[in-house]
Amino acid sequence: LLAASLSAAASDVPQLTSTLIASGLDNPTYAAAPTGITDRIWVVEKRGRIQLVIDGVTQPTPFLNIDGTVPDETWNGMIGLCFDPDWDDNGWFYVHHTIGQGTSSGIRIARYTRSTTNPNVADPTSGTTVLQLDYPDVSAHHVGGWLGFGPDGLLYIPLGDGGIGAGASA
């Protein structure tokens with residue numbers, strides 16, 4: 001996982017630099033942290049795991065592992081993560097992942113809770129479905145992914161168009 005930054009040198013020519021944040025991740029799709037947390041980052045992996053990186057070290061136990069719920073597909077998988085604005089008090093976080101395969105595919109937004117005994121892992125049994133939508137055909141590749149809370153405190157869930165299917169062209 002790399003972090004990139006852009007700066008202008010004295011000659012006003014933009015310079016792009018990158019910093020290695022973590023290695024050994026399996027198909028990372030997104031990275032996030034709760035507001036105010038600067039010593040750790042949560043990295044979403046496509047197959048349904050969230051890895052916790054503390055001070056540059058990927059922890060040996062995934063923060064969340066729901067790979068039995070997330071299909072193993074070339075496209076899609078677990079693609080979004082955000083933390084509740086009251087994360088410090090309630091430990092809630094939200095994930096966006098695909099479900100099913102073929103003609104029974106869709107997306108699921110679920111809320112999970114971090115463990116009450118170990119803040120470095122989540123309770124995988126705490127998952128509550130917030131939204132679940134089916135996609136109409138097997139080529140449902142455009143499923144959105146980002147999640148976030150707005151300044152109004154509401155959870156925003158942008159959705160894709162479901163991919164190219166009947167009547168659509170590439």
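Biologist: Why is Asp-26 said to count as partly exposed?

Modeller: Asp-26 has a relative accessibility of 36%, and the limits are under 20% relative accessible area for buried, over 50% for exposed and partly exposed in between, with a 1.4 Å probe and protein chains only. The value for Asp-26 falls in between, so this residue counts as partly exposed. Keep in mind that this is a predicted model, in which local features need pLDDT of at least 70 and side-chain atom pairs count only at pLDDT 80 or more, while totals for chains, interfaces and linings use all residues. Residues are numbered from 1 along each chain as its sequence is written, and side-chain values use heavy atoms, with hydrogens and water left out.

Biologist: What makes the contact of Asp-26 and Arg-49 a salt bridge?

Modeller: The side chains of Asp-26 and Arg-49 meet at 3.1 Å, N to O, and a salt bridge is a side-chain nitrogen of Lys or Arg within 4 Å of a carboxyl oxygen of Asp or Glu, so the pair qualifies. Asp-26 lies in the loop between strand S2 (14-20) and strand S3 (28-32) and Arg-49 in strand S5, so the pair ties together parts that are 23 residues apart in sequence. Side chains of opposite charge can pair when their charged atoms come close.

Biologist: Which other residues form a salt bridge with Arg-49?

Modeller: Glu-45 does, with its closest N and O atoms 3.0 Å apart, and so does Asp-67, where that distance is 3.5 Å. Asp-67 sits in the loop between strand S7 (64-65) and S8, so its pairing with Arg-49 in strand S5 ties together parts that are 18 residues apart in sequence.

Biologist: How many helices and strands are in the protein, and what makes a stretch count as one?

Modeller: There are one helix and 13 strands, where helices (H or I, at least four residues) and strands (E, at least two) are DSSP runs, numbered from the N terminus. Of the 170 residues of the protein, 38% count as buried.

Biologist: What makes strand S9 (residues 92-99) mostly covered, and how do you know which strands it is joined to?

Modeller: Seven of the eight residues of S9 are buried. Two strands pair if DSSP finds at least two bridges between them. Five bridges join strand S8 (residues 78-83) to S9 and eight join S9 to strand S10 (residues 106-114), so both counts meet the requirement. S8 and S9 run antiparallel, as do S9 and S10. His-97 in S9 is the bridge partner of Met-78, and Val-95 stands opposite Ala-110 in S10.

Biologist: What makes the largest nonpolar core a core, and which residues have the most contacts inside it?

Modeller: A nonpolar core is a set of buried Ala, Val, Leu, Ile, Met, Phe, Trp, Tyr and Cys residues joined through side-chain atoms within 4.5 Å. The largest one has 19 residues, and those with the most contacts inside it are Trp-42, Ile-50, Phe-63, Leu-64, Leu-81, Phe-93 and Val-95. Strand S4 (40-45), strand S5 (49-54), S8, S9 and S10 each supply at least two residues of this core. A second, separate core of eight residues includes Cys-82, Tyr-94, Ile-107 and Val-143.

Biologist: Where is Trp-146, and why does it count as partly exposed?

Modeller: Trp-146 is placed in the loop between strand S11 (122-134) and strand S12 (148-149), and because its relative accessibility is 44%, it counts as partly exposed. Together with Leu-154 and Tyr-156, Trp-146 makes a nonpolar surface patch of about 330 Å².

Biologist: What makes that group a patch?

Modeller: Patches are made of residues with over 30% relative accessible area and no salt bridge, like charges being joined within 9 Å and nonpolar side chains (Val, Leu, Ile, Met, Phe, Trp, Tyr) within 5 Å. The 44% of Trp-146 is over that 30%, so this residue passes the accessibility limit.

Notes. Accessible areas come from the Shrake-Rupley method with a 1.4 Å probe; for residues, only the protein chains shown count as cover.
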